[in-house]
Structure formats: C-alpha cells, structure tokens
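Hello,

I am handing over the structure we talked about, and I hope you will enjoy looking through it.

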Amino acid sequence: MLVTKNVAELCVLLISELYGQLPSRIFADLLARGRSTVVQLAQHTSLNFRQVRHGIAVLIQLGLIFHNTDPDSGVVNYEANSGAAYNLTRIGKILDMVRNKYGNHAHTLVHEVLVQGHTKISDLVKYFKDRRNEQHGGINGATQNGTSQNGHNHVNGNGVTNGIDDLDIMDEDEYMDPEAQAYDNLAQLIAAGILEPVTRTAYQSPQDLRSTVEQEFMADYPTGIRGSKQTSEFERNVRDKLREMQGESTRLKKKLELEFMYELSSKRRKLTNGAVANEFSGEKARSVLREELDTVLRINYDKCTVELRNLKLGQYAEDLVGSTTAQVYETLLAVLSRKIARCQIDRSIEVEEDNDDSHTGPRVTTQEVFEQLNPAIDVSAGIGFPSEDTIDIRRAEKIRRYPPQLKGSTLHQELEEGEEIVGSDDEDYDHSGEAAGNYGYHGQNGFDDVKVQMDDGLPVGAQRLHQMRQHLLILAESKQGFVRHCGGRDFGEWTVDFEPLMQHLKFVELDTIIENRFGRHGLRLTRILREKGKIDDKTLPSLALMKKPDVHVKMAEMEMGGFLDVQEVPRDNNRTAARTIFFWFFDLDRTLQRTVDNTCKSMVRCLERLDVERRKRKDVLATAERKDVRGNEEKLLRGYAYTEYVQFIDIEKKLLGQVMKLDDIVAVFRDY
C-alpha cells in the first residue's frame with residue numbers, strides 16, 4: 001500500500017514507541033521497499049536471519065504485516081499493513097469506548113487482546129480468571145478481621161461485609177464465577193463485533209486475496225474471458241467468493257446474535273459509570289464459546305471505527321442541538337450500528353444491483369430505539385410544547401424514503417413516465433405518529449406499573465415514547481441531516497445518511513482549520529469558491545466585498561498553504577501576464593489529502609518531541625521504572641528527581657493528548 005512520507009514516519013514511530021526498535025526497523029524497510037522476503041529484509045536492514053524472523057513473528061502476531069506464499073516457489077513475501085499500524089493511535093480511544101459501553105471486565109479482555117495481537121478464547125478465559133483471583137487475593141489479604149485498608153474497624157451486621165466496603169468494589173457481579181463472567185463478556189464483545197475470529201485469509205493483503213480467487217476461477221475459462229457476458233459472470237463469481245471468505249469471520253458472531261444479541265428483554269445491567277447495557281448472560285452463550293475454545297480472536301478495527309464515529313456524531317449533535325437529544329441520537333446510532341460492519345463500503349465486494357435497496361441504507365424503528373433507551377434519560381427536557389394548532393402534522397411527519405443527493409450530483413438519466421425522482425419530497429407522511437400516544441400500556445422501557453400515569457392521563461411509557469419521537473423529529477428537521485424519517489412501521493422508521501452527514505462534518509472541520517489559520521477573510525473566499533467553482537481573479541473581489549490587493553495577498557497565502565489552486569488560461573500564444581486569465585478554485589479531495597498529510601506530520605513531531613523529552617530525563621525515568629519505586633514515586637523520588645518526573649508526566653500527557661486530537665481530524669477527513 002502506497003503511503004506518504006509523513007504517514008510512513010508516523011507508523012514507524014508508533015511501532016517503535018509501543019513494541020521496540022527491531023519490529024520498527026523491519027516495518028520501515030517494508031514501507032520503503034515494498035514486498036520483500038526474509039533474505040531481502042536481512043540485506044536491507046543489516047540484521048541476521050534470527051533477528052529478522054523474530055521481528056517478523058512479532059509483526060505477524062500484532063497483525064501489522066501481510067504475508068503470502070508463492071504456490072510455485074514456496075517463497076513467502078511480506079508486505080506492510082499501514083492501516084493496522086495507524087490504528088495503534090486509537091488504542092486508548094477504543095479502550096475508553098469499551099469501558100464506557102461494555103464495562104470494566106470487557107475492558108480487561110479487550111486490553112489483553114490488544115497487547116497480545118491475537119489470542120485463543122481459552123487463553124483469554126484463563127487470563128481473566130487468574131487476574132480476578134489475584135484481585136480477590138489482594139483484597140482478602142488487605143482486610144483481616146473486619147479491618148479495612150484505612151485502619152477503621154467494621155463489625156459484621158452493620159451493613160459492611162468483611163470490612164471491604166471502603167474499597168468500593170462490591171458490584172453486583174463481583175460474586176459471579178470468574179469463568180462465567182469471562183464467557184459472558186466475550187460473548188457480548190463477539191456478538192457486538194468488537195472481537196472477531198482470525199481466519200486463514202486474515203493476513204493476506206486484499207490484492208493477494210483477490211488475485212488468488214481470480215486464478216481459481218480462471219481455470220473455468222481455458223480459452224480466456226471473452227465478451228461482456230463472461231466478464232460480468234467472472235466478476236460476479238469473484239465477488240461472491242470474496243464475500244463468502246469475508247463471512248467466515250462472522251460465523252461465530254451470527255451464532256451468538258441469533259441466541260442473545262437481539263432478543264427483546266427488559267433485563268438490564270448498570271455499569272460503573274451509570275450507563276445501562278443489556279444483560280448478556282446465560283448458559284447458551286457459555287456453551288457456544290466452550291465449543292470454540294481454540295478459536296483465535298483479534299480486534300475488529302473496522303467495527304471499532306464505527307463505534308468511534310457514533311461517539312463523534314453524538315458530540316456533534318450535543319453541540320448543535322442539546323444533550324438530551326444527543327443521548328437519544330446516540331441510542332439510535334447504537335441500534336443502527338448493529339447492522340453496519342464498517343464505515344466505508346468495500347467497493348470490490350459490494351455493488352449496487354438493479355433490485356438492490358442498499359442506497360436507502362439500514363433503518364431502525366421507533367420501537368427498537370425506545371426499547372434500548374436508558375430509563376435514566378429525562379426525555380421531557382430539551383423539547384417545547386406548542387399548541388396543536390401551530391403544528392403542521394404533514395410537514396413534521398413527512399417521510400423521505402430516499403437519501404439527499406450530494407452537492408454537485410445530477411441525474412444523468414431521463415425518467416420514464418410514472419417513475420419517481422430519487423430524493424423527491426412529494427411523498428406521504430407518517431400516520432403512526434398520531435398512534436404513538438396509545439403506546440406503552442405494557443410497561444416498556446423500565447416501567448412495570450401500568451397504573452403510573454402523567455397529569456394528562458397517559459401511561460409513563462406512552463409519554464416517554466411520544467417525547468422520544470419529538471427528539472427524533474428534531475434531528476430529522478435539522479439542516480445537518482442527523483436523521484432521516486424514512487418509514488411508518490412501528491411508529492416510524494429512521495436511518496442515518498452517513499455520506500452527506502460526514503461531508504457536512506468535513507466542511508465544518510475544514511472551515512474551522514481555515515478560519516484559525518487565515519482568518520475570516522480566508523474563510524469567506526474559500527466558501528465562495530466552494531459554492532461557485534472556478535472564478536476569475538477580477539470577479540472575486542466584488543463577490544467577496546474586499547479590495548483587490550487584499551484578495552490577491554490572501555489568495556496567494558492560501559495557495560502556499562495548499563488550500564487553493566490557480567489555473568492559468570492564456571488568451572494568445574504570447575502567454576504574458578496581462579493576456580492571461582487566472583482562475584482560482586477549491587479542490588476538496590486534494591485539500592483533504594494535504595490536510596491529512598500535514599496532520600500526520602504534526603503527529604510525528606509530537607512523538608519526536610516526546611522522545612527528546614524522554615532522553616533528557618532518562619536517568620530519572622530509569623529510576624522511576626524500577627519495581628521497588630513504581631507506584632511510590634512521591635515517597636522514594638525526592639527533591640529535583642521527583643520534580644523532573646512530574647514535569648515529564650505532564651509533558652507526556654499534553655503531547656499524547658495532542659496526538660489524540662489530531663487523530664480526530666484524520667478520522668473525520670479519511671476514515672469516517
């Protein structure tokens with residue numbers, strides 16, 4: 001895979017920071033020279049064969065390189081996986097997301113998989129049991145005869161058990177069998193797609209995998225492929241085979257989903273941060289995993305990117321609409337993401353057929369969102385209560401069955417008589433909104449007493465459903481297009497058009513960068529060019545309401561920064577400046593690529609600065625990393641040494657925090 005110089009340096013620095021110099025040297029050579037064998041790597045890196053094989057083993061274990069064996073010669077070629085290397089910047093975000101959404105035990109399992117690269121289910125269960133036993137052993141050793149760690153005595157019968165109340169670890173599931181907890185959390189993570197089984201094709205590059213499949217099907221065409229019919233048949237067979245190979249990693253996921261993930265249950269589990277998750281336990285899940293103990297699991301970064309995108313969109317909605325509406329939106333995204341495997345569609349596998357409905361996107365119903373809504377959310381906040389006379393029901397409940405077209409796209413084909421224009425608003429409205437008030441008489445969404453009523457006589461469940469729909473309608477009516485109301489089944493169907501929504505978010509992030517760097521005038525000129533296209537330098541000052549010298553200075557400054565381009569069109573063959581027309585224009589794709597590359601360059605500088613600071617204080621850090629000092633730095637490091645250590649920790653937090661912020665920009669512009 002071809003990458004820029006800055007992205008390559010970033011990947012090498014990340015591997016060196018986390019796994020050492022040996023794997024990073026081999027990875028750097030693979031990025032610079034492309035596919036290589038062990039012999040070639042030994043020659044280029046000046047390492048012996050033992051060191052090269054050891055470094056390759058580490059990189060394969062972590063999933064950072066592809067490898068392919070030539071069937072004729074038996075030679076193994078290795079290729080760098082730059083996408084997996086860049087994903088190392090999101091390890092912290094993934095762990096935080098798992099902790100907040102699935103709990104501390106799931107965080108422990110995912111952390112172990114990230115450390116090991118990939119590992120068996122049996123090894124994960126054993127690791128989890130050993131860790132829990134160590135924790136309980138430490139607790140029992142720290143509390144003797146009802147005395148807690150802080151020295152206060154507690155007597156049994158006064159609401160404190162064995163004196164460990166001060167340790168604040170007595171959750172409801174602390175008394176469960178550690179093995180059962182491990183199986184339950186693994187089943188939940190696999191069913192959610194966070195963890196996935198490693199298949200035989202997982203370490204082949206997409207190009208090698210497709211080439212292998214094409215060679216298999218070429219045996220059916222001994223005289224070659226001739227004509228459009230055979231070409232389309234060959235491409236369809238290749239896509240079906242690739243889709244089948246891709247589905248091998250979802251076999252265990254589908255089995256667990258069928259048993260547990262989507263069953264309608266009101267049983268819930270409260271996490272330590274106050275969030276509520278579906279209860280995910282049972283002998284069926286454990287029996288399924290006990291039959292798959294030798295299955296090797298790894299992190300599914302594609303699914304993790306989907307979850308991170310949901311968090312980003314939730315924050316975006318909270319900034320523009322409000323916290324309560326954003327919480328409802330996050331619930332809708334969580335339900336919708338069950339049907340989404342990755343942020344960007346793999347065009348080599350997924351194609352639009354004539355009868356395909358994929359352009360409308362996956363959808364969820366109001367009832368599905370309502371069943372997953374946290375009962376602690378006060379959905380009555382953030383919405384107004386106007387009189388019914390001031391509301392146009394047909395407009396508020398309008399159903400839009402097709403996504404909006406991206407700006408600049410046109411319909412190239414003529415419509416036949418009776419056909420519908422894609423994206424047309426001449427459609428029906430949702431009649432189920434009127435019936436939403438009659439819903440909720442069976443105690444849905446955490447309320448079991450149907451006699452509990454509001455002042456207007458409606459049950460609490462019906463009132464919550466109606467209020468939640470109002471938040472969804474607010475999101476649907478926003479100019480950003482957070483949600484699209486696309487159907488009337490089960491009190492309304494909803495979907496999210498991610499492509500136009502993320503394009504709008506890209507413009508927001510890009511406008512922020514341009515304004516911070518070039519000011520309001522630079523932002524004004526960029527928006528004009530983005531709206532109008534190519535404009536003559538003589539016309540631009542009148543449109544921008546700016547003086548001509550100011551426009552020329554600002555445009556030249558933005559061209560040097562890589563945000564604008566100019567095209568010279570000579571009026572005659574002399575090509576003099578006086579006889580030349582200068583057209584300024586804004587190229588979105590090129591600007592995004594340059595911005596991503598510059599952002600990666602900034603991340604490289606942050607990591608290089610961190611390495612410089614580490615070298616400055618290497619003596620203090622070497623002392624702090626000793627086993628007898630670790631955890632007691634304030635007591636054992638005195639005077640100047642402790643001050644240097646605290647300063648380094650503060651610098652490290654700032655630099656790594658800046659890297660995480662820069663990664664948000666890269667994710668919006670490239671990955672989401």
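Below are some notes on a sheet, a helix and a threonine.

Please keep in mind that this is a predicted model.

Three strands form an open sheet in the order 8-10-9, and their pairing is antiparallel. Strand 8 (364-365) and strand 9 (484-487) are the edge strands, each pairing on one side only. Between strand 8 and strand 10 (residues 493-495) there are 2 bridges, in the antiparallel sense. If you want a spot to start from, look at Thr 365, which stands opposite Glu 493 in strand 10.

Next comes helix 20, which covers residues 498-532. How far does helix 20 span between its end C-alpha atoms? The span is only 25 Å, while a straight helix of 35 residues would span 51 Å at 1.5 Å a residue. When you trace helix 20, have a look at Phe 518, where the helix bends by about 130 degrees. After helix 20 comes Gly 533, and its phi is positive, near 90 degrees.

The last stop is Thr 595, a residue of helix 23 (residues 588-616). Is Thr 595 buried or exposed? Its relative accessible area is 7%, and buried means under 20%, so Thr 595 counts as buried. Leaving aside residues up to four places away in sequence, Thr 595 touches Leu 510, Ile 513, Phe 563 and Phe 669.

Note on methods: Residues numbered from 1 in each chain as written. Predicted model: local features only at pLDDT ≥ 70, side-chain atom pairs only at ≥ 80, totals over all residues. Heavy atoms only, no water. Pairing = 2+ DSSP bridges. Helix = DSSP H or I, 4+ residues; strand = E, 2+ residues; numbered from the N terminus. Expected span 1.5 Å × (residues − 1). Bend = angle between axes of the 7 residues up to and from the residue. Buried < 20%, exposed > 50% of the residue type's maximum accessible area, 1.4 Å probe, protein only. Contact = heavy atoms within 4.5 Å.
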